[in-house]
Amino acid sequence: MGAYSSLTSELKTLDPDQDGARFNMVEQYLTKMILDTNMAAQEAGVATAIAFVENAPNPLRYRSEIVAGVVSKCIASTKANTRTQSVELLMLLSEADTPGPVVEGVLEGFDAKMPKAVVAAVSAVRELVGAFGVKFINLKSVVKALSKPFGHRDNSVRSEAQALAVELYRWIGKALVPSLQDLQPVLLKELEAQFEKIAGEPKPKQTRLLRSQQEVEESPHEESAGGAGAEEGGDNDGEVGDVDGEMDAWEIADPVDITKKLPDDFHAMVASKKWKERKEVIEALHATLEKSVRLQPNSATGDLIQDLGKKITDTNIVVATIVIQCLGQFAATMRTAFAPYAQSTLPGLVEKSKERKQTVIDAIRVTMDNYFLAVNRDLTAIGDHYFTGAAHKNPQVRAEATHFLRRCFSEVSTRPGKADVKRYSEQLKTGLDDGDANVREAAAECMGTLGKLVTTKVLEPFIEGIDKIKMEKVTDYMGKATVKAKAPKPAAKPPPPSSAAARSGARPGAPRPGARAAPGARPASIAKPAPVEEEKPVGLGANMPPHLRKKLEASARAAAIKKAQREGRPLDDLPPEPAPAPTPKAAAAAAAAAAAPARAVRPAAAPAVKRPLNPRPAAAAKPGASAAPAGSSKGADETVRMRFANDDSLDDKIADALPTEALTGLESAKWKERVEAMDALKQHLEGQAAADSPVHPELVIRQFSKKPG
């Protein structure tokens with residue numbers, strides 16, 4: 001005990017930068033100190049471990065062993081001071097790096113045999129959560145471990161588990177409730193009553209900062225940039241405190257295999273000719289889905305979804321309604337994993353929207369909204385289905401398809417490109433002239449939401465010709481619409497010119513008017529005309545060399561002509577034929593001719609300066625010259641450079657840059673699907689180019705080269 005006390009005093013005086021060897025020698029004995037069988041010595045050993053963690057340059061090398069020893073022998077000690085210091089030791093280990101590993105180690109104490117040890121472990125987790133919040137810990141493992149103390153036979157353990165659940169509810173709110181549904185009804189009712197008491201309390205704040213946060217808080221740079229250091233720490237706290245509003249129950253839930261909870265004859269009952277049997281088995285599936293927060297995607301789940309998709313058009317309206325509700329729950333519980341099934345079942349929902357019963361329409365709307373979230377709010381994934389519904393012969397289908405597009409405009413996170421705006425606005429203009437009043441009203445509301453999404457300036461060129469009354473209705477809906485997409489950030493302004501240059505108005509390096517040349521100095525250079533900057537290309541060939549870009553433009557024009565001839569459209573809207581690239585000799589001659597007038601001009605400010613000799617024109621046109629003439633197609637700027645030649649993440653970049661439906665369709669064995677995929681890819685590239693964010697052409701070429709022909 002005396003040795004522990006002396007070592008504690010020594011550790012407090014050591015310099016972490018110079019006495020690292022001494023710290024390394026001590027750390028291997030820390031576990032033995034906190035596991036000492038003598039109660040007084042154990043208390044002194046915990047104090048030594050605290051001094052080590054506070055002063056050592058790297059106190060995390062034996063973190064897992066120290067936490068295991070504290071959980072097994074210290075936090076449930078009969079000495080109150082040992083228990084208090086043990087929790088403080090866990091706090092310091094959390095501050096040194098992150099509380100996540102410490103909490104994981106304390107969760108092992110939930111399996112202790114002694115009830116007081118379980119109570120101490122649950123209490124320690126509660127204090128760690130209260131001090132550091134839930135931002136730095138694995139919430140899923142904590143919530144999953146709650147079932148152990150809740151199922152303990154000792155009442156004190158269950159009470160402490162309730163206190164931990166209440167503390168978690170302070171941080172994550174209602175997202176915790178779905179994970180507690182397997183508890184006993186009595187416990188669940190008591191928890192709900194306690195949750196209601198704290199529902200109106202303000203969001204909690206992080207009370208202890210990590211070392212990384214403390215360094216940021218004490219940094220003078222942060223104080224000068226954003227205020228006092230305490231305010232910076234408060235911002236960090238605010239991020240943790242905001243978890244209440246951002247936490248999703250789906251993120252902390254364990255995936256469930258729904259197929260294991262179904263009866264063996266489920267598929268046979270779904271295909272039964274008796275509507276009552278179909279209704280009973282689908283109602284059972286619906287009840288199971290309502291209790292599930294997150295589903296595990298697998299092949300059996302896919303087969304189940306496909307079978308349900310065939311029953312959207314069931315002859316019994318009750319069965320069809322429950323099936324639609326089940327599909328919506330599958331989309332909500334599988335999220336992006338449901339996206340492939342959304343494409344195969346969405347046409348059935350569009351067709352079913354012709355039903356007159358409001359219960360069916362409500363179920364279809366909720367399910368289609370979940371579908372849009374499952375495809376990650378991608379308008380291109382639902383665009384074709386909208387156009388199919390908007391051109392349907394049934395007016396109710398047209399109206400519901402337009403309402404669906406309007407809801408998608410409200411939820412989408414990014415603004416569509418001008419090409420997509422043109423497509424949607426043209427179809428919506430047709431809807432404004434529809435013979436059905438519901439379709440006209442839905443089109444006006446959708447057009448207003450689109451205007452709110454992309455701004456009136458972008459939409460105006462595409463809605464010319466709408467009469468005044470309809471335009472007033474669209475404007476009215478535009479003012480009422482709400483969208484989630486944010487406006488793009490404005491481009492940074494170029495730096496202003498220097499004050500001296502602005503006052504003189506002359507370009508840098510230009511001689512002053514009337515200045516006398518120094519003896520023996522070379523004559524001043526003749527003023528040359530400012531070079532004419534070529535218009536920078538945009539779109540697919542923006543980053544290509546000129547000779548490749550010309551070929552690409554010619555190929556695109558030829559393809560557009562063939563498509564226009566197939567569809568019977570006039571050729572007036574096609575882009576003009578690109579001018580042929582000049583040959584090297586013609587470019588050199590043009591450059592020499594452009595430079596000739598400049599050589600004939602003598603500067604008025606220095607009449608005594610003799611005219612310099614003209615350079616020989618032939619020297620600029622030599623094929624082996626070091627500097628290529630302006631406009632030559634063999635210049636250094638036209639060297640083809642492969643940007644992604646050795647990029648290991650090429651496939652990921654292609655998947656991010658190109659739409660999934662286009663990549664999938666290009667690999668299809670059906671030529672019609674490949675043509676549709678090429679059209680979709682072309683529209684995507686045009687839209688990206690219109691939005692000033694063109695796709696790098698090398699990514700497209702490399703995708704095509706994977707499967708030539």
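This dialogue explains how to read several features of a predicted model.

Reader: What should I know about the model and its numbering before starting?

Author: The model is predicted, so local features need pLDDT of at least 70 and side-chain atom pairs count only at pLDDT 80 or more, while totals for chains, interfaces and linings use all residues. Residues are numbered from 1 along each chain as its sequence is written, and side-chain values use heavy atoms, with hydrogens and water left out.

Reader: How many helices and strands does the protein have?

Author: Helices (H or I, at least four residues) and strands (E, at least two) are DSSP runs, numbered from the N terminus. The protein has 37 helices and zero strands.

Reader: What span should helix α19 have?

Author: The expected span of a helix is 1.5 Å times one less than its number of residues. For α19, residues 275-291, the 17 residues should span 24 Å, and the end C-alpha atoms are 25 Å apart, which agrees.

Reader: Which residues of α19 are buried?

Author: Buried means under 20% relative accessible area, exposed over 50%, and partly exposed in between (1.4 Å probe, protein chains only). In α19 the buried residues are Arg-278, Val-281, Ile-282, Leu-285, His-286, Thr-288 and Leu-289. Seen down the axis of α19, these buried residues fall within an arc of 165°, the arc being that of the directions from the helix axis to the C-beta atoms; they therefore line one face of the helix. An α-helix has 3.6 residues a turn, so residues three or four places apart point the same way. The face turned away from the buried side of α19 carries the exposed residues Lys-276, Glu-280, Glu-290 and Lys-291.

Reader: How many residues of helix α6 are buried?

Author: In α6, 12 of the 17 residues are buried, so this helix is largely enclosed by the rest of the structure. Among them are Leu-89, Leu-90 and Glu-95.

Reader: Which side chain meets Arg-407 in a salt bridge?

Author: A salt bridge is a side-chain nitrogen of Lys or Arg within 4 Å of a carboxyl oxygen of Asp or Glu. The structure holds 27 salt bridges. Arg-407 meets Asp-369 in one of them, at 2.7 Å from N to O. Arg-407 lies in helix α25 and Asp-369 in helix α23, so the pair ties together parts that are 38 residues apart in sequence.

Reader: Are these two residues buried or partly exposed?

Author: Arg-407 counts as buried at 16% relative accessibility, whereas Asp-369 counts as partly exposed at 28%.
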